[in-house]
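Dear colleague,

Please find below the structure that I am handing over to you. My notes on what was found in it follow directly after.

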Amino acid sequence: MAALLRSARLLKCSPAVLLTLPCVSCRQYGVVPEQSGLVKDEPSVAVRSKQAQQFDWALAKLDSSVRRTGRVTKTLLLRIFHDICRTGYPSGNQALLLLRSCGSLLPEVPLAERVELSQQIWDKLQELGTTYDVSHYNALLKTYLQNEFRFSPTDFLAKMESANVQPNRVTYQRLIAAYCEVGDIEGASTILGFMKSKDLPITEAVFNSLVTGHARAGDMDSAEGILSVMKSAGIEPGPDTYLSLLNVYAEKGDIAKIKQTLETVENADILLMDRDLMQVVFSLTKASHQQHVPEIVERMRHERGYVPDAMNLCLSLITHGHEETAFSVLKSFTGLLVESQTSDSPDLGNFFLRHCANMDKPVENIVGFCKDLKDSGLHSSPLQFTLQCALEAKKTGMAVELMRSMKEEGLPLRPHYFCPLFTHYQKDKNIPGTLQALRAMQELGVASDFDTFSIYILPSFPSVDSARTSLKEAGIDVDGNILIAAELRTEASRGNLAGLFSLMSSPALPNIDLSAFRASLISGFRGIFVVLVLQKLPLCIYMTINVFIESRKCQIGSSLLFAENVAYFLYNLIDSLNETEVHSKEEQIREYFGLLKNMNISISLNIFRGIRNILESYQVPELVKSPFKTIRQYLLERALELKTQYETDMTPAAYATLINLCCRHDNAEEALKLKMELARKDSEATLDAQKYVALVRVLSKHGKLEEAIDMLKEMKEKDVQLRESTIGLLTLTMNTAAMKGDANTIRRLQETIFTLGLAKPSSNLCSPLISCYLESENYAGAFDATVEVQKQYNQMPKIHDLICGLVENGDAELLQKVMEFLSQERGEMMMLYDLYFAFLQTGRYKEARKIIETPGLRARPTRVQWFAEKCIAAQQMEPLENMVDMTVKLFECDRDDMYHYLLRLCKETNDWQKAEATWMKMQEENLAPRERTLRLLADILKNNDKEVPFEVPESLTPSMNSLFSLCSEDIDSAVELLESFYIQNTENQKSSISFVFRKVLDANNDAVLDKLSAMAERLCNHFASYRAATDLFLIYLDTGRTEEAKFLLQVPSLSNQDMHEYSVTTLLNCLDKDFSSAKALYERMQVEGVKADELTLKRLAQLYKEAGATVPFEEPPESFRFYADKLNKQRSESMEPADN
Amino acid sequence: MLHSQGLNMAATAAGKKVFEVFVSKVPWTVATKEVKEYFRQFGQVKKCLLPFDKETGFHRGFCWIGFTTEEGLQNALQKDPHIIEGARLQVQKNRKPFSGRKSNKEAEDN
């Protein structure tokens, strides 16, 4: 063993070291991608897109569960699993996500069940065509370890080999761990031998496993000796090493050694988290040394995330059959739970009681816990809550036992407590179950009532008669009247008219309030109504009326009058129809109303109002006039405005151009002269904001500060509005002064800008003042300026630079002051992040780690992102890498985000080795990356002609890329990307890239615009893809470019045979109220034989009618909504691939 | 026994106004009887609709109480807190008589 270790290459835990070693190569993946040749049917683009969305959804679901509670419920996991299966093509990272969740994230699930679950998921996904790569095998291994599943590592390797998947460092590490779990040092050595022969580095994780391995083999000396082996190999034992040691002492029940080790850890300045100590608690309990648990629990620091972790510990202990220990742990942190209590009646420990119920713990134990919780004032009604859990889990035996305890405690028992049980039995018509529950009810002295009988009991029996017999045989007493009334309701809800009539005609019928079964009657007849209203209206009405005539005869309905009943019935029938039904049956309903009227059945005004309200809410156009909105009429007005502007005197404009030219040539004198001339000629003349600011800039640059300030004042007087870009120019102006160290100029400009309200104080606008001092390394000045700016404008720019400067200069005193100020202004958390980033930036990683490990610190995604973006922009790998590494245990840190930042930088620097090492780290961390992360990784590998060792999710959103390309002036590739996007995506694709068009238009880039409109035309003509043209058309209208819009309409195939309804309808929407255009469009459609859909025709007809013209075609008879729904339905059907 | 729909409306149709409150956070342990009994202290209770979920057999935790008089309604609204079996109820004026109409279809039989 020792020899093996000596000759093996050792790897320190620092990722920086790991990443610089050349041996972590991807040679080993060379053979893998052959598999992709065997891929079955390629999933369609639509399916792919769905997968991507679904992954994000599933990830978000699981993630939020893990974040909130540190666990996943089996129900949630199964739901996501089934949802993923339903789409047909589970992607690689979906599989990873699911597998990852089958281990210790399921504390409520027994180990064997977890193993079964992971196997089930593995097999099913494979069957569905998921390609497994080494990351999946590694994830599976991790679940084996977490679930204490005993398996043969050699078989596992063989399985990988037969699947043509090469194991990597993480695989071997986990196999070693598996051998060590069972104390098989020989097996572990064999794997170590493999690693050595492949020149793979031996990391801390391997040593940690060996500690466990030796101890489990009964050799504590060797276990302890591993630490010195590590040290001699230059690897410092980390928190995980000590945790391994603590766990093996715990297994031996050696509390003295545990305490001693904890002291060593403390002295070595190593931080063990509460979560680590909880593992020790778990190990102690499992090895029946729970008497030592309190000593460990006492040491917990209650850091951020403690409560969910402690709850999970309790759940795990209960699952493993140690509910007594779990209860003592629970009692140790109820104080922390109290703080979160808002209600008046405490209900602490619900999660505990629920899990006990789910795990079928003995009722006497549960009752004991309940008593304790109640007596100590932690829970006001623990027994009732546990009963609720037992009922929800349909555990009749437990529920009855709990009710017995409740009765003994003098708590009331009520008939509806049994309803959940009856519901359960009713579902599979389980008569013995129903009778058992009824007997328990009787035994506990709970009387069943009418509701329980009619809703929950009778439906389980084939008939009321058989129910009567069974109940009698089972010795259960029931009130006869209750039975009849219940029977009445059952028949009504079944829609059994004949049965209902005969029951009501029976002389034995007691006096029953109609309201008792009116609702049933309505629900029972609803189905009939919908069918009959279509064909046999008179019959329907006949029956409607008859039911009530009968009811009147039988003197049911003692409280309500006959006519009211009919009307009320009618109201409920209408109400029970959903919107679509009302729309599709509009005609029939009208007819029905007419018939009722003919039959002289009047409806009271109130009821009529109720019905009308419903119909109105469904927007039935006959009752509700739904005026169409004027959409884009204002566009024409804007165009007119522009024209009048052109007709005005041109001279000031010429001046403006000239002034601007002077500014560009840095000629302050001439610019000022021209400006004054212009003012003399025309005191009203106004420059645009950009030109004013250019003038301010050139003036202040050349020492004409007062003149510059006058310009700012003039801007205010003339109400010149500043845009984002012009404000940027102001910042630039002040930065110029900062470079010269001219703080006075900056202060004056700042003051003027903010006092006049030309721009709101922003971090950018305030930063030049700080930069001014930082430039000259005047940190005290910079700090004073920071305080000044914060007090005056509530901004804190350049704080990172200031702190970095102080850290580098070693000015502890001022640093302390800055920290105090920050803490006071922005809170301690923000201050810590500021300090953390400064340490990272200046390469003081040890200090940085201390900061980020501050108890209670949690992830602040926006702050982390800020620093990451900064590193990426400056191509600083080391600080970024260190941040990613240090935040592994940071509470609520999104790990995928972190690795994504890292990979983005790898992409920038085209560093495939680092990218690949990042992937390895992700596996080590057992992370299921998002698709974008995998794509990025694959991109980097592909660009370097490296094989990609996993399945790459397809990209479907080129928009950002194309926008990016456009910005970087690479028009041709942008157009290419866009074009492929439109060709690939159907017309129905919801995502529009119109914003790209808008950007181009905003930028006034005519060259690009020409290419894009050419592309739109090409897409229409060659690919019958009209979305691009439609997008462009809308943007044209939106931005007032009516001529261009009209020109686009001339594109021959845009009004071609196949022209998509979408476009026509959209065009019509835009031309709304513009009758002549609509008419022209219709005529052209006629000439060119364009087939319009019904919605379009309906819309056209409306325009004709509104203009007072005769509609030249047959107007579709149904409502707008009807055709809109129809169209939507057609679209969504054509959108759904056949696999659904 | 109860109907969730158009409670107000039916009553108005009958020429009798009902003064309704909407009650939420009803503990699972109490049913119509207990809720009705509790609200009786504020005035005569004409209606009590506590919908049950037929899938689970539990009620949905909210209900409507109809008083015969405006006074009953006001009495109920003025009392705070409303505690039933140790649990605090939320009681508010039922502003939208037709709200929740579609959502508790299954419950109407109760």
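**Findings in the two chains**

Helix α2 (residues 32-39) of chain B lies across β1, β2, β3 (62-67), β4 and β5 of chain B and runs at about 140° to β4(B). Helices (H or I, at least four residues) and strands (E, at least two) are DSSP runs, numbered from the N terminus. Axes are lines fitted to C-alpha atoms, for helices over the stretch in contact, and angles run from 0 to 180 degrees between N-to-C directions.

This is a predicted model, in which local features need pLDDT of at least 70 and side-chain atom pairs count only at pLDDT 80 or more, while totals for chains, interfaces and linings use all residues. Residues are numbered from 1 along each chain as its sequence is written, chains are lettered from A and ligands numbered from 1 in the order in which they are written, and side-chain values use heavy atoms, with hydrogens and water left out.

**Chain B**

Chain B has three helices and five strands, and along its sequence they follow the pattern α-β-α-β-β-α-β-β. Of its 110 residues, 55% count as buried, where buried means under 20% relative accessible area, exposed over 50% and partly exposed in between (1.4 Å probe, protein chains only). The accessible surface of chain B comes to about 4,900 Å², and 49% of that belongs to carbon and sulfur atoms. Such areas come from the Shrake-Rupley method with a 1.4 Å probe; for residues, only the protein chains shown count as cover. Of the contacts in chain B (heavy atoms within 4.5 Å) with a separation of 6 or more, 69% are between residues 24 or more positions apart.

The five strands form an open sheet with antiparallel pairing, in the order β2-β3-β1-β5-β4 (chain B). Because β2 (45-49) and β4 (82-84) of chain B stand at the edges with a single partner strand each, one side of each is left without a neighbour in the sheet. On average, neighbouring strands of this sheet are turned by 30° against each other, direction ignored. Two strands pair if DSSP finds at least two bridges between them.

Strand β1 (residues 19-24) of chain B pairs with strand β5 (residues 87-93) of chain B in the antiparallel sense over four bridges. β1(B) also pairs with β3(B), again in the antiparallel sense, over six bridges. For B:V21, the bridge partner in β5(B) is B:K93, and in β3(B) B:V21 stands opposite B:I65. B:V23 has B:V91 as its bridge partner in β5(B). Five of the six residues of β1(B) are buried, so this strand is largely enclosed by the rest of the structure.

**Chain A**

Chain A contains 62 helices and zero strands. It has 1140 residues, 52% of which are buried. Its accessible surface comes to about 51,700 Å², with 51% belonging to carbon and sulfur atoms. Among contacts in chain A between residues at least 6 apart in sequence, 69% join residues at least 24 apart.

The axes of helix α6 (residues 111-127) of chain A and helix α7 (residues 134-146) of chain A come within 10 Å and cross at roughly 165°. That makes α6(A) roughly antiparallel to α7(A). Angles under 35 degrees count as roughly parallel, over 145 as roughly antiparallel, 65 to 115 as roughly perpendicular and the rest as oblique. From α6(A), A:L111, A:R114, A:S118, A:Q119 and A:W122 meet A:H136, A:Y137, A:L140, A:T143, A:Y144 and A:Q146 in α7(A).

In the second pair, the axes of helix α45 (residues 812-826) of chain A and helix α46 (residues 828-841) of chain A come within 7 Å and cross at roughly 140°. α45(A) is therefore oblique to α46(A). Residues that make the contact include A:L815 and A:M819 of α45(A), and A:M830 and A:L835 of α46(A).

Two single residues complete these notes. A:H355, in helix α19 (residues 350-358) of chain A, is buried, with a relative accessible area of 2%. Not counting residues up to four places away in sequence, A:H355 touches A:P107, A:E108, A:L315, A:I318 and A:T319. A:T264 lies in helix α14 (residues 255-267) of chain A and counts as partly exposed, at 37% relative accessibility. A:T264 and A:Y242 are 22 residues apart in sequence, and their C-alpha atoms are 9.1 Å apart in space.

With kind regards
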